[in-house]
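Thanks for passing this one along. Here are my notes, written to be read with the structure open beside them.

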Amino acid sequence: MARRASRLAGGAAAARTGGGDSAARPRDGIITGYLLKQIRQSAGLSQEGLAERLGVDTNTVQGWETGRRSLTGTRVATLVELRHRLRQLGADAQLIAALEDAPEADYVLAYILGIEPGAGASDAHPLACWVPKRSFAYLLAWPFTGQPPIAVRQPAAPTHRGPVAAAPVLTQEERTRFFEHLRMVAEQSLSDRRLDEAKGMLLRRNAYYSLSWHPSSETTAWLRELEQREARRLGRLESWSPSWTAARSLVVARARRGDK
């Protein structure tokens, strides 16, 4: 038990320094941190109680939950160890399972908020290399829609001191920056001749889907314009094309924004 607590405490120290390689970004890991709070509450533990059982100080647990000290900046082994300790403490198994996707959602969120569109190569964008799982997409959407993923929906915890946020919280500036970034990289991918067609399609597919979380008339109009550009770009297709994936996500995004 002492050795286990020592590893977790060591991971906490790594989180404070960004894991040793680079400093953690401020507020990095807010989705993972908010999920950790729900997991802790499902075990009936206070922040002080969890800290005591993990062998770390209470400020570390508080920092993890707020994103002030990034839990995603800890070593992989530390995160695995933490999940096992939470199971042993009686935390909800479904919530703990969601903890596997949360760090990746935080990584994509931090990437988008931390880099200027166009500053990095389009083919190196994290949204240009995969089709995210539904569980990942719901976690990434959580700070924007306020709707908890089905896997993490729990009865509201009793409020002890004042109002409690019902979802991971972003500032208005961060929310605006997130959606502006997605619009810009999607437009750039349409004209970047150096970008591999498949990666460009994936980037736009993921950007269009995520933009459906933005309830603004400006975004709705932009999605309509991009559908016309995609149609001109595709022309008349006589057989299946991977480009249909981006077009389909664009149509889904417009439908979610109220265009029947």
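The points below go from the overall fold to a few places worth a look.

1. Overall fold. Please keep in mind that this is a predicted model. The protein chain holds 12 helices and zero strands, so an α-only reading of the order of elements from the N terminus on is what you get: α-α-α-α-α-α-α-α-α-α-α-α. Of its 260 residues, 46% count as buried. Among the contacts in the chain with a separation of 6 or more, 78% are between residues 24 or more positions apart.

2. The largest nonpolar core. This core has 59 residues, and the members that touch the most others are Leu-86, Leu-109 and Phe-178. Helix 7, residues 102-114, gives the most to it, with seven residues. Which residues does Phe-178 touch, not counting those up to four places away in sequence? They are Leu-109, Ile-112, Leu-113, Phe-144 and Trp-213.

3. Helix 11, its length and its sides. Helix 11 runs over residues 217-234 and has 18 residues. From its first C-alpha to its last it reaches 26 Å, close to the 26 Å expected at 1.5 Å a residue. Its buried residues are Thr-219, Trp-222, Leu-223, Leu-226, Glu-230 and Leu-234. Because they cover an arc of only 105° around the axis, they sit on the same side of helix 11. As a reminder, an α-helix has 3.6 residues a turn, so residues three or four places apart point the same way. On the face turned away from the buried side of helix 11 you will find the exposed residues Ser-217 and Arg-232.

4. Helix 11, its partners and its end. What do the buried residues of helix 11 pack against? Their partners are helix 9 (172-191), helix 10 (197-211) and helix 12 (243-256). Just after helix 11 comes Gly-235, which takes a positive phi of about 65°.

5. A buried leucine in a loop. Leu-71 lies in the loop between helix 4 (58-66) and helix 5 (76-88). Is Leu-71 buried or exposed? With a relative accessible area of 1%, Leu-71 is buried, since the cut-off for that label is under 20%. Leaving out residues up to four places away in sequence, Leu-71 touches Thr-32, Leu-36, Trp-64, Leu-79 and Leu-82. The C-alpha atoms of Leu-71 and Pro-103 are separated by 8.3 Å, though these residues are 32 apart along the chain.

6. A buried serine in another loop. Ser-212 lies in the loop between helix 10 and helix 11. Its relative accessibility is 3%, so Ser-212 counts as buried. Apart from its neighbours within four places in sequence, Ser-212 is in contact with Ala-253, Arg-256 and Arg-257.

7. The cavity. How many cavities of 30 Å³ or more does a search of the whole structure find? The search finds one, and about 70 Å³ of space lies in the largest cavity. The largest cavity is lined by 13 residues, and the closest to its centre are Gly-118, Gly-120, Ala-121, His-125 and Val-185. Helix 9 gives the most to this lining, with three residues.

How values were computed:
Residues numbered from 1 in each chain as written. Predicted model: local features only at pLDDT ≥ 70, side-chain atom pairs only at ≥ 80, totals over all residues. Heavy atoms only, no water. Helix = DSSP H or I, 4+ residues; strand = E, 2+ residues; numbered from the N terminus. Expected span 1.5 Å × (residues − 1). Buried < 20%, exposed > 50% of the residue type's maximum accessible area, 1.4 Å probe, protein only. Arc of directions from axis to C-beta. Contact = heavy atoms within 4.5 Å. Core = buried A, V, L, I, M, F, W, Y, C linked by side-chain atoms within 4.5 Å. 1 Å grid on protein atoms, 1.4 Å probe; cavity = no way out; pocket = protein on both sides within 12 Å on 5 of 7 lines; lining within 4 Å. Points joined across faces, edges and corners; volume = space filled by probe spheres on them.
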